[in-house]
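User: I am new to this structure and would like to understand the words used to describe it. Could you take me through them, one question at a time?

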Amino acid sequence: LAGEYGGGKATSAISRATKLFMGSPSTKMITVMGADGKPETREVNLGKHNKGFDNYNFDDPNTPEYILRYKTLVEKAGARGMFNQSIDQEHVDLTNRKDILAKFNQVSGFLVHHGERFGRQISLMAAYDLELNKRTDNGKKPATQADYDVAAQKAMEATELTLGSTASAGRPVWAQNPYGNVAFLFKRFAVSRYYFMAHLVDQSLAGADPETRKIARSQLAYFMITTGSLAGVAGLPLMGAVGAIYDMFADDDEDDFEAMMRKLLPGTLYDGLANELLGVDIASRVSMNSLLYRQPFIDKDQAALYTLFEQLGGPVVGTILSVDRGVKLITEQGEVQRGLEAMAPAAMRNISKYQRFSTEGANTMRGNPIVDDINPYNSFMQLLGFAPADYVENLKINSSERRRQNVVDKRRRKLMRRHNMAKTEGDREEIREVRKKIREFNQSLPAEYRGDAIDDPALESSYKGFLTTTGKMVNGIVYTDAMRKSFEEYE
């Protein structure tokens, strides 16, 4: 809106729309079938949390003129379902159901449901106001019905472009078939964001006229500034693609793109103002980077194809794997609470984490703290689903450092084993080749990993261990004393 109408006007319009929304009645006049079988109008109390601009009675002669100007918008947008409850509420029928599960969903999803509805109605009203003021020269000319109709259409288009379609049928056709519906269950927002960005780029370069191109460029600039401020450099569009290209050419034992950027830039600049000011991980929720595919938070030791299957399987496969992980935590490690957390829905998982953070702190399963200070505010925000920013950052740093160390350790073990095999076989040519590889390995190590260099004492110690292990081999595997005694019974 600021890109088209100016920052000051857009801010004023959003402020005015917010005040009108918050001042709207919590009751609504609806038409129902009366006892005599004839339709009659009744006033229904929807509750303070269900305020909405469509609650205003536009047929009441006492309704102020500044409210009546929105009648066309409410009628036209209402006919397209844009003044309905949130999409999530309607998908699970929270409005009409009265069972315990529905009540739990209403409470646990309160911010999501009403936040989406709030943003949608505020955007509609602000965009409608701005276009109507533009067409009437800020009220100096009387508005015609054509002005109201055009302003309403413009408001609906702007809201759907910026917030995404309000109907589940608004997702791509290929995402509505049985398979696409599963894979893209939570990807509709991502698709709409990519369309939004592509639309702005297209209009800024190939708009119908110079004014259209100018507006699109201004909107694109506002979009980038807003995203960069809230989500930091890491949240900017295409940063995932830039990172993927960087990681393709970086050595495995070097910092990946994210670690390099974290070391290069201050935390506020990289993660954004939202994390810095609120102390919780907001950036990942508002990031415009890697919307369709994001690297798994925990780098699992598995084939890339299996990781791809997890991503394409969407939340259905994710839920199955979470249950499997939870069962293993309970049965193999005795971690009952963490196992139940892994299997539970997000709302219940956050309640459990809130309890752990409040009583134990943010610790590993061994009891070691991941972050030293978890205050009541952090615990409460975790209850709402927002993990402490320092906690998330430390997990990412730990993952990066562990990945690098594992790469060095794996290369080191492979070279030493190859040297031991060559020495055992008396293959002098292979020994010379491996020694050359070892020198290259030592020289390629980053400065901080020079302690993992392979020297002569390390090779000698490794060879002794290799011989000891070889001496315990029976039929190709290492036997313990108990296994050897059992083996003798076969004879």
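Predicted model: local features only at pLDDT ≥ 70, side-chain atom pairs only at ≥ 80, totals over all residues.

**Reading the terms from the values**

User: Which residues make the contact of H19 with H20?

Analyst: On the H19 side they are Asn350, Ile351, Lys353, Tyr354, Phe357 and Ser358, and on the H20 side Ser379, Phe380, Gln382 and Leu383. Sorted by class, five residues of this contact are nonpolar, four are polar and one is charged.

User: Why are H12 and H13 called roughly perpendicular?

Analyst: Helix H12 (residues 239-249) packs with helix H13 (residues 257-264) at an angle of about 105°, and their axes are 9 Å apart. The range for roughly perpendicular is 65 to 115 degrees, and about 105° falls inside that range, so H12 and H13 are roughly perpendicular to each other. Met239, Val242, Gly243, Tyr246 and Asp247 of H12 make the contact with Phe257, Met260 and Met261 of H13. The classes there are six nonpolar, one polar and one charged.

User: Which residues in H2 and H7 meet?

Analyst: From H2 come Lys9, Ala10, Ala13, Ile14, Arg16, Ala17, Thr18, Leu20, Phe21 and Met22; they meet Arg117, Phe118, Gln121, Ile122, Met125, Ala126, Asp129, Leu130 and Asn133 in H7. The contact of H2 with H7 has twelve nonpolar, three polar and four charged residues.

User: Which residues of the largest nonpolar core touch the most other members?

Analyst: That core has 30 residues, and Phe53, Tyr70, Leu73, Leu124 and Tyr128 touch the most other members. Helix H1 (2-5), H2, helix H4 (71-79), H7 and helix H8 (145-163) are the elements that give two or more residues to this core. H7 gives the most, with eight residues.

User: What does leucine 124 touch?

Analyst: Leaving out residues up to four places away in sequence, leucine 124 touches Leu73, Ala77, Met82, Phe83, Ala155, Met156 and Thr159. There is also a second, separate core of eleven residues, which includes Met416, Val434, Ile438 and Leu445.

User: Which residues of H4 are buried, and what do they pack against?

Analyst: Thr72, Leu73, Val74 and Ala77 are the buried residues of H4, and they pack against H7 and H8. After H4 comes glycine 81, with a positive phi near 80°.

User: How do you know whether asparagine 138 is buried or exposed?

Analyst: Compare its relative accessible area with the cut-off. Exposed means over 50%, and asparagine 138 has 52%, so asparagine 138 is exposed. Asparagine 138 sits in the loop between H7 and H8. Its phi is near 55°, a positive value in a residue other than glycine.

User: Why does aspartate 137 count as partly exposed?

Analyst: Buried is under 20% and exposed is over 50%, with partly exposed in between. Aspartate 137 has 40% relative accessibility, so it counts as partly exposed. Aspartate 137 is also found in the loop between H7 and H8, and although aspartate 137 is not a glycine, its phi is positive, about 55°.

User: What makes alanine 244 partly exposed?

Analyst: The reasoning runs the same way: the relative accessible area of alanine 244 is 40%, which lies between the 20% and 50% cut-offs, so alanine 244 is partly exposed. Alanine 244 has its place in helix H12.

Key: Residues numbered from 1 in each chain as written. Heavy atoms only, no water. Contact = heavy atoms within 4.5 Å. Helix = DSSP H or I, 4+ residues; strand = E, 2+ residues; numbered from the N terminus. Nonpolar A, V, L, I, M, F, W, Y, C, P; charged D, E, K, R; others polar. Core = buried A, V, L, I, M, F, W, Y, C linked by side-chain atoms within 4.5 Å. Buried < 20%, exposed > 50% of the residue type's maximum accessible area, 1.4 Å probe, protein only. Axes fitted to C-alpha atoms, helices over the stretch in contact; angles between N-to-C directions. Parallel < 35°, antiparallel > 145°, perpendicular 65-115°, else oblique.
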